[in-house]
Amino acid sequence: MGCHHVYNTSCTMIAMVDCNSFYASCEQVFRPDLWGKPVVVLSNNDGCIIAANKEAKQLAHIPMFEAVYKIKHILIENKVTFFSSNYTLYGEMSQRVMNILETFSPSVEVYSIDEAFLDVKGLSYIDMRMYGFEIKERIYRYTGLPVGVGIAPTKVLAKLANRMAKKIPKHEHVYVMDTDAKRIAALEWADIGDIWGIGRKHVKRLQAIGVFKAIDFVKLPLAWVRKEMTVVGERLWKELRGESCLEFMAVPNPKKAIGTAKSFGQKLPDLGRIEEACAYYITEVAEVLRAQKSCATYIHVAVYTNYHSTIDKQYSNRITVTMPIPTNDTFALIAQARKALHHIYKPGFRYKKVAVNLTGLIPEHYVQGNLFEKRSKISDSNLMHTLDVLNRKFGKTTVSSAMIGTRVEEWELIKKERSPRYTTQWRELMKIGV
């Protein structure tokens with residue numbers, strides 16, 4: 001079966017914008033002396049490498065997700081600069097990028113913290129390559145972050161175009177796949193493992209039958225793809241042939257659960273400090289809950305000791321509490337989480353982690369009252385709105401529950417901090433452009 005498919009680029013074109021080495025690039029924005037030098041970002045508690053710039057990736061002996069203690073001497077010998085993760089900074093930078101993208105298209109689908117699809121159909125009258133360069137240059141000018149731009153008729157092809165934009169130097173990080181000849185050339189260039197949505201298991205199965213390139217995949221009979229790779233594989237097969245099958249979602253679906261689980265960095269035996277950490281994490285997830293205009297029906301709280309330790313006694317437990325009324329009120333959630341924590345905490349142990357998770361999420365306008373609960377819904381929502389506005393303006397937890405105490409930075413990252421807290425200054429410094 002042939003691989004040719006005729007499509008009309010004037011009807012449908014999708015741009016994929018992807019930040020290059022996002023976490024490392026965010027750190028380099030504030031350390032221009034590090035451009036061109038190897039930089040890595042570490043996971044919570046500096047456990048392993050979770051991001052690296054291209055200079056660091058070129059050092060083959062520094063693998064991703066490797067435990068830091070195993071290769072710390074290698075990082076030092078190669079003069080690799082490493083940062084503790086600073087998710088507040090990365091979130092702020094990501095939002096800035098997405099705000100800029102919204103000036104280029106009314107329909108932006110945020111795919112991840114550093115990737116987004118733009119619906120650019122109807123823009124056939126403009127030079128798509130120049131459009132891509134304008135996106136790249138404006139983001140760099142306003143944020144200092146380098147990006148790649150791929151433009152094609154479908155999402156899967158746009159991802160492939162983005163990959164080509166970054167991997168092939170002559171494209172200068174912008175590639176437009178606007179003809180069938182370019183599509184076929186791209187399929188001949190791409191390995192089967194390069195295709196978005198084809199995982200390792202399917203790569204092995206496809207290679208076993210002689211499919212090594214994307215062009216080989218689209219030549220397979222549709223019946224075989226549908227049988228062996230289900231409807232997901234069928235959609236990928238059609239997308240690579242230029243037929244759009246993946247829905248464009250400008251508004252992301254609300255999360256079904258919101259939670260966080262962080263290690264303390266040092267073992268905590270006393271309930272008071274664990275309560276403070278729990279309250280801080282509840283504050284974080286409640287803000288996300290309000291951002292998507294949802295309320296939580298259940299709250300799950302769990303505590304853990306360090307199961308890797310050979311000298312500590314081991315204990316873990318969890319509990320689920322049903323809220324009297326589904327809510328996104330930080331103080332109500334903290335009160336219930338504190339009660340739950342008292343039920344599962346046991347003295348005599350040194351705790352490593354507390355986890356909180358909000359589930360049973362419903363739209364806030366669907367919440368029904370409770371005959372036995374008295375509350376002013378209007379005043380509570382106004383209070384939470386005011387709290388969010390103040391914290392966005394003046395910095396995280398500027399206004400918060402007294403339960404958190406004075407150790408905000410300790411709960412943010414109790415470990416030694418390497419990445420400075422630029423977020424508050426960032427809002428003031430970057431009041432330009434958008």
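Trainee: What is the volume of the second largest pocket?

Mentor: This is a predicted model, and in it the second largest pocket has a volume of about 1,400 Å³. The lining counts 42 residues, and D18, N20, S21, K57 and K166 are the closest to the centre.

Trainee: Which elements give two or more residues to that lining?

Mentor: They are β1, α1 (22-29), β3, α2 (54-57), α5 (128-143) and α6. The largest share, 7 residues, comes from α6.

Trainee: Where does helix α6 lie?

Mentor: Helix α6 (residues 155-167) lies across β1 (14-19), β5, β6, β7 (147-152) and β8. Its direction is at about 140° to β7.

Trainee: In what order do the strands of that open sheet come?

Mentor: The order is β5-β6-β1-β7-β8, with mixed pairing. From one strand to the next, the twist averages 15°.

Trainee: Why do β5 and β8 stand at the edges?

Mentor: β5 (108-112) and β8 (174-176) each have a single partner strand, so one side of each is left without a neighbour in the sheet.

Trainee: What makes β5 and β6 a pair?

Mentor: Pairing requires at least two bridges. β5 and β6 (residues 115-119) have 4, in the antiparallel sense, so they qualify as a pair. As one example, E109 has F117 in β6 as its bridge partner.

Trainee: What about β2: how many bridges join it to β4, and how many to β3?

Mentor: 4 bridges join β2 to β4 (residues 81-84), and these two run parallel. With β3 (residues 49-52) there are 3, and that pair runs antiparallel. V40 has F82 in β4 as its bridge partner, while V41 has A51 in β3.

Trainee: Which residues show that both faces of β2 are covered?

Mentor: In β2 (residues 39-42), V39 and V41 are buried on one side, and V40 and L42 are buried on the other. In a regular strand the side chains alternate between the two faces of the sheet.

Trainee: Why is C26 called buried, and C245 partly exposed?

Mentor: Buried means under 20% relative accessible area. C26 has 0%, so the label buried applies. C245 has 27%, which falls between 20% and 50%, so C245 counts as partly exposed.

Key
Residues are numbered from 1 along each chain as its sequence is written. This is a predicted model: local features need pLDDT of at least 70, side-chain atom pairs count only at pLDDT 80 or more; totals for chains, interfaces and linings use all residues. Side-chain values use heavy atoms; hydrogens and water are left out. Buried means under 20% relative accessible area, exposed over 50%, partly exposed in between (1.4 Å probe, protein chains only). Axes are lines fitted to C-alpha atoms, for helices over the stretch in contact, and angles run from 0 to 180 degrees between N-to-C directions. Contact means heavy atoms within 4.5 Å. On a 1 Å grid over the protein atoms alone, a cavity is a set of points where a 1.4 Å probe fits but cannot get out, and a pocket is an open set with protein on both sides within 12 Å along at least five of seven lines; lining residues have an atom within 4 Å of a point. Grid points are joined across faces, edges and corners, and a volume is the space filled by probe spheres set on the points.
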